[in-house]
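Open the model in your viewer and show it as a cartoon. The tour starts with the whole chain and then moves to pairs of side chains.

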Amino acid sequence: MSQPVRETGLLVDSAQGPLLKLPGGGNWQIEPSRAVNRLIGERVMLEGTRSGFNDIACQRIWKEGTARPRFEIGVIEKWIASALVAFSLFMAVFGYF
């Protein structure tokens with residue numbers, strides 16, 4: 001499997017979770033996430049990796065007609081990186097390295 005997928009369609013909620021309905025017919029089952037859930041009911045563009053017969057592991061999703069989002073690290077990752085840098089500077093200043 002693990003084939004890259006880029007599709008456009010209507011994102012709807014189903015009993016099995018989020019579903020991308022394609023304009024020409026057919027469906028993709030999308031792994032649920034916060035980004036996916038907030039776009040339910042919208043026409044979206046999706047990039048991901050095929051993870052089953054009709055399943056997609058979503059990597060990026062955005063409203064159709066808007067700019068493709070860039071990959072950004074989250075707030076928690078930024079705090080962790082900042083804390084590591086601050087700790088390293090503290091240790092360097094006080095001579096523990």
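Begin with contacts across the whole chain of this predicted model. Among contacts between residues at least 6 apart in sequence, 41% join residues at least 24 apart.

Next, colour by secondary structure. The chain has two helices and five strands, and from the N terminus they run β-β-β-α-β-β-α. The radius of gyration is 19 Å, well over the 13 Å that the globule rule gives for 97 residues, so the chain is more spread out than a compact globule. Along its principal axes, the C-alpha trace spans about 65 × 30 × 25 Å. Buried residues make up 25% of the 97 residues.

Now show the charged side chains: 11 are positive and 9 are negative. Four salt bridges are counted.

Select E47 and R6. Their closest N and O atoms are 3.5 Å apart in a salt bridge. E47 belongs to strand 4 (residues 43-50) and R6 to strand 1 (residues 4-14), 41 residues apart. Is E47 buried or exposed? E47 is buried, at 12% relative accessible area.

Move to E42 and K63, which form a salt bridge at 4.0 Å, N to O. E42 sits in the loop between helix 1 (34-37) and strand 4, while K63 is in strand 5 (residues 55-63).

Then select R43 and E64, whose salt bridge has an N to O distance of 2.9 Å. R43 lies in strand 4 and E64 in the loop between strand 5 and helix 2 (75-93), so this pair ties together parts that are 21 residues apart in sequence.

Finally, select R6, E47 and R60: salt bridges with shared partners join these residues into one network.

Methods:
Residues numbered from 1 in each chain as written. Predicted model: local features only at pLDDT ≥ 70, side-chain atom pairs only at ≥ 80, totals over all residues. Heavy atoms only, no water. Helix = DSSP H or I, 4+ residues; strand = E, 2+ residues; numbered from the N terminus. Rg over C-alpha atoms; globule rule 2.2 N^0.38 Å. Buried < 20%, exposed > 50% of the residue type's maximum accessible area, 1.4 Å probe, protein only. Contact = heavy atoms within 4.5 Å. Lys, Arg positive; Asp, Glu negative; His and termini not counted. Charge placed at Lys NZ, Arg CZ, Asp CG, Glu CD. Salt bridge = Lys/Arg side-chain N within 4 Å of Asp/Glu carboxyl O.
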